Amino acid sequence: MRYIWWLVRRQPARVLRGSLVGTAWMVGLAGRPYLISRAVDDGLRANDRRVLTLWVAAIVAAGFGLAYLGIMRHRTMTFVREDATARSAGVLLRQLAGIGAVLPRKLAAGEVATVGGADIGHVSAVLTMTGPGVGAVLAYAVVAVLLWSVSPFLAMFVLLGVPVIALLVGPLLRRLERAEQVYRRRQGALTARAGDIVAGLRVLAGVGGRDLFARRYAAQSRELLAQGYRVGAVQSWIEALTIVIPGLFLTAVVWLAARMAAGGDITIGQMVAVYGYVTVLIVPVWFLLEGTHQLIRGRVAARRIVALLSLTPDTAGGPGGRPGPELPADLHDPGTGLLVPDGRLVGVAAGDPAEAIALGDRLGRFAASDVTWGGVPLAEIALSEVRARILVADHDSYVFGGTLREILRVRDGAGDAEMWPALRAASAEDVVDALPDGLDTAVSARARTLSGGQRQRVQLARALLAEPEVLILVDPTSAVDAHTEARIAERLRGARAGRTTVVISTSPLLLGCADTVAHVRGGRVVATGRHADLLDRDPGYRSLVARDAGVDTGLDGADDLEDAAGLDGTGGLDGVGGLDGVGGLDGAAGFDGVGGLGGARR
């Protein structure tokens, strides 16, 4: 409720104008039956044409005035609603941009999608109450006063009848709120599952899990459908009662007024006025009931928005305030025992993809750790400086839509002269040549108009163009063929000469170009040295990287393939091993269809 009130306080003048116009419109609706009653009693029954003409003219004028007020009410409340929508979208986008790497670990992508879509609209709809809602209450009071002037008995009947309507609908509204909460929660979870399955479709096909996850999704979708029917059933009863109950109430009041007119207690004109008052009263009653329904949905949606806004950026060990080290400075991870000398190209080969991803997160300070840089704990360095000087790049990083030149312009002053060397180092010149307008070709969000290999090479070029002091590449060539991978391995060394580079991969082509290679097993570095040396003296390392190279290691059967890593023609998966069968994929969360370590990062 505080969030909804905050949206109201952001536009007080517009909300006040909507309340005034809405009140004038509803009170005007209540005033027209009075004009009609005077026309009947003073003009029609008295057979006074002049008076009748005057009252009819007043009724027509009131109709034009109410039409204008209705237009202004609707226009003003539309502005109020759209302002709230834009404001909510703005704060959510700033929050999503600010919390950074903590978001995927604390909130599913489907949850973010539903919050940014339907929930914002439900909260904005609540602000509609600020106009018609206030007007409905005042119109109810005005009708009560007018009815009292006709008959205190009828006034009391109406005043007591409207709260009874609210009491009858109240239990259904509370039930709707509970059902709506369950439905929205399950909807967000199912949206997240759908995104994960679509993103990891190629990996699922490779390990034979596509049908399993399709059946699992279908079962969850049927459960959500049933929950949606329950919400719809309650909602249909509420909408039906908001029409039937006021209609029955109107019937009872008209019957009483007709009996009183027949008995001479009120005039014919007053009977007509009573009918008009009660008919008009249905409008504010409907607005109040509808507003209550919107408020329930808005509260459920606002809770989800507030939950997202309550997430705080992950400082990964502490806010930090110390300046970063002067170069040269070595990176050291005590957890694995890995030492990355300054200015060297270091390869990291890990049998378990999760270990490699966790190592990249620690070196880039995306997770709390005891990593030091130049002897200074990484957690004590200002996070902004760490982000500016250390870049962790994987093939699952998001690419915003725009021209290819705009996508590659990752730093100020990066023009075509700087882009082409980076594109060559990433073996991506042919990507540009294949596009109809070259660097000016429009590329969709996530670069979906490019193939997996093309997208991966463009992302590698972006990482090289950023020119960070420390570049950590997570499986950068999992989606390219062996010939392209060999060119990238050869050119990467020259492009990063003199600067610290860590390549996390099990590709023998990349590891062969590294100054030194660290073999990580069981969370520790078990061997270091040149790629050729490790092949000679470390059987575990030889088995790990030879599989990628297509070398016969004498393994028999799928059981020897460490949980089907690199299965079924999906070569280049580089470490999908350790999935513990299809069931362990957990919805293939985060896999982007080209396999590899980067997908698991999310």
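Which residues point one way from strand 9, and which the other way? In this predicted model, Val-470, Ile-472 and Val-474 sit on one side of strand 9, with Leu-471 and Leu-473 pointing the other way, and all are buried (under 20% relative accessible area, with a 1.4 Å probe and protein chains only; over 50% is exposed, in between partly exposed). Because five of the five residues of strand 9 (470–474) are buried, the strand is largely enclosed by the rest of the structure.

Strand 9 has partners too. Strand 6 (390–394) pairs with strand 9 in the parallel sense over five bridges (pairing takes at least two DSSP bridges), and Val-392 has Ile-472 as its bridge partner. Strand 10 (500–504) also runs parallel to strand 9, joined by five bridges, with Val-474 opposite Ile-504.

Elsewhere, Gln-11 lies in the loop between helix 1 (2–9) and helix 2 (12–44). Gln-11 counts as buried because its relative accessibility is 5%. Its side chain makes a polar contact with that of Arg-14 at 2.9 Å (N or O atoms within 3.5 Å, one able to donate a hydrogen and the other to accept it; residues adjacent in sequence count only if both atoms are side-chain atoms).

As for the ground rules, residues are numbered from 1 along each chain as its sequence is written.

Terms used. This is a predicted model: local features need pLDDT of at least 70, side-chain atom pairs count only at pLDDT 80 or more; totals for chains, interfaces and linings use all residues. Side-chain values use heavy atoms; hydrogens and water are left out. Helices (H or I, at least four residues) and strands (E, at least two) are DSSP runs, numbered from the N terminus.
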